[in-house]
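I opened the model to look up its fold, its packing and a few single residues. My entries follow the order in which I checked them.

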Amino acid sequence: MSSSSSSSSDGIEGDLIDAFQAEYEEEMLNEEEEPRRPRRRREFIRRDRLGAHDRLFEDYFADDCNYPPSFFRRRGEAPVVNFTVNGHEYNYGYYLADGIYPSWPVFMKGVTLPQSEKQRVFTAAQSAWRKDVECAFGVLKARFNILAVPGRSYSRRTLGLIMRACVILHNMIIDDERGTNLENIYETVDSNVGPAIHNHAPPSLAARIKMDNEMRDSPMYTQLQHDLIEHVWANA
């Protein structure tokens, strides 16, 4: 009795599996295949790279270039700076920078891992001076939109006047708002007024390459940093 009942249940289960499999196969056969998108071949554009390089050089970088400086705004030029520190003379100024900048004489950074008391004093002083400058410029840029737009084409005299005017106005605002609880209202409108155009001739390519090499001189950076460390330590 038990064997006959088990065999009948196995037969029913097998019939159900066969019916399900047949239905599944029929659905798969009747299912429409989605049309495949035609493969798009990548277009190849031939470019005369050597000719483009020659034209770029002749147009902008040659001594007798095709486009004179009057076509463009004057490029930013660093002021002439001559100073002597620790008995060595230097002809370029420098910016106080953090460790993300390269080790060039125009970027003076603190010592990453100071090993002596002189290096620790110099690094602390450099960091304090740099943060003071960054904070002051950040406050002025947030308040006056003219400082947030590019200013490379302004003359040095105009840049100096702009900075003095912003500092004076900032101090006047602080003095006027002293003792009041007012929210800072800064300029948020984009300025459409561009700087004045000056038609000073740029230096020749050879002179520009020479200046770039001097500004990237790593041994000069090491010497300048050593001299400044000694100078700060002597005046600490």
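The entries below go from the whole chain down to single residues.

**Entry 1. Whole chain.** I noted first that this is a predicted model. I counted the secondary structure and got 6 helices and 4 strands. Reading along the sequence, I wrote down the order α-α-β-β-β-β-α-α-α-α. I then looked up burial: 17% of the 236 residues are buried. The accessible surface came to about 19400 Å², and carbon and sulfur atoms hold 54% of that area. For contacts with a separation of 6 or more, I found that 64% join residues 24 or more positions apart.

**Entry 2. Cysteines.** I searched the whole structure for disulfides and found 0. Cys135 is partly exposed at a relative accessible area of 48%, whereas Cys166 is buried at 5%.

**Entry 3. Nonpolar cores.** Which residues make up the largest nonpolar core? I listed 11: Val85, Tyr90, Met108, Val111, Phe122, Ala125, Tyr221, Leu224, Leu228, Ile229 and Val232. Two elements give two or more residues to this core, helix H3 (117–143) and helix H6 (218–234). H6 supplies the largest share, 5 residues. I noted another core apart from this one, with 6 residues that include Phe144, Leu147, Tyr154 and Ile162. As background, nonpolar side chains in soluble globular proteins tend to be buried together.

**Entry 4. Helix H6.** I went back to H6 to check its length. Its 17 residues reach 24 Å from the first C-alpha to the last, close to the 24 Å expected at 1.5 Å a residue. I then listed the buried residues of H6: Tyr221, Leu224, Gln225, Asp227, Leu228, Ile229 and Val232. I recorded a general point beside that list: an α-helix has 3.6 residues a turn, so residues three or four places apart point the same way. What do the buried residues of H6 pack against? I found strand E1 (83–85), E2, strand E4 (107–108) and H3.

**Entry 5. Tyr90.** Is Tyr90 buried or exposed? I read a relative accessible area of 7% for Tyr90, which is under the 20% cut-off, so Tyr90 counts as buried. Leaving out neighbours within four places in sequence, I found Tyr90 in contact with Val81, Asn82, Phe83, Val85, Met220, Gln223, Leu224 and Asp227.

**Entry 6. Aromatic pairs.** I counted 4 aromatic pairs. In one of them, Phe83 and Tyr90 are stacked, 5.5 Å centre to centre with 25° between the planes. Tyr101 and Phe107 form a tilted pair, at 5.0 Å centre to centre and 40° between the planes. I looked up both partners: Tyr101 is partly exposed at 39% relative accessibility, while Phe107 is buried at 18%. I also noted that Phe83, Tyr90 and Tyr94 form one aromatic cluster.

**Entry 7. Asn91.** Where is Asn91? I placed Asn91 in the loop between strand E2 (88–90) and strand E3 (95–96). Not counting residues up to four places away in sequence, Asn91 touches Val81 and Asn82. I also took the C-alpha to C-alpha distance from Asn91 to Val80, which is 7.2 Å for two residues 11 apart in sequence.

How values were computed:
Residues are numbered from 1 along each chain as its sequence is written. This is a predicted model: local features need pLDDT of at least 70, side-chain atom pairs count only at pLDDT 80 or more; totals for chains, interfaces and linings use all residues. Side-chain values use heavy atoms; hydrogens and water are left out. A disulfide is a pair of cysteine sulfur atoms within 2.5 Å. Buried means under 20% relative accessible area, exposed over 50%, partly exposed in between (1.4 Å probe, protein chains only). A nonpolar core is a set of buried Ala, Val, Leu, Ile, Met, Phe, Trp, Tyr and Cys residues joined through side-chain atoms within 4.5 Å. Contact means heavy atoms within 4.5 Å. Accessible areas come from the Shrake-Rupley method with a 1.4 Å probe; for residues, only the protein chains shown count as cover. The expected span of a helix is 1.5 Å times one less than its number of residues. Rings of Phe, Tyr and Trp (its six-membered ring) pair if their centres lie within 6.5 Å; planes under 30 degrees apart count as stacked, over 60 as edge-to-face and the rest as tilted.
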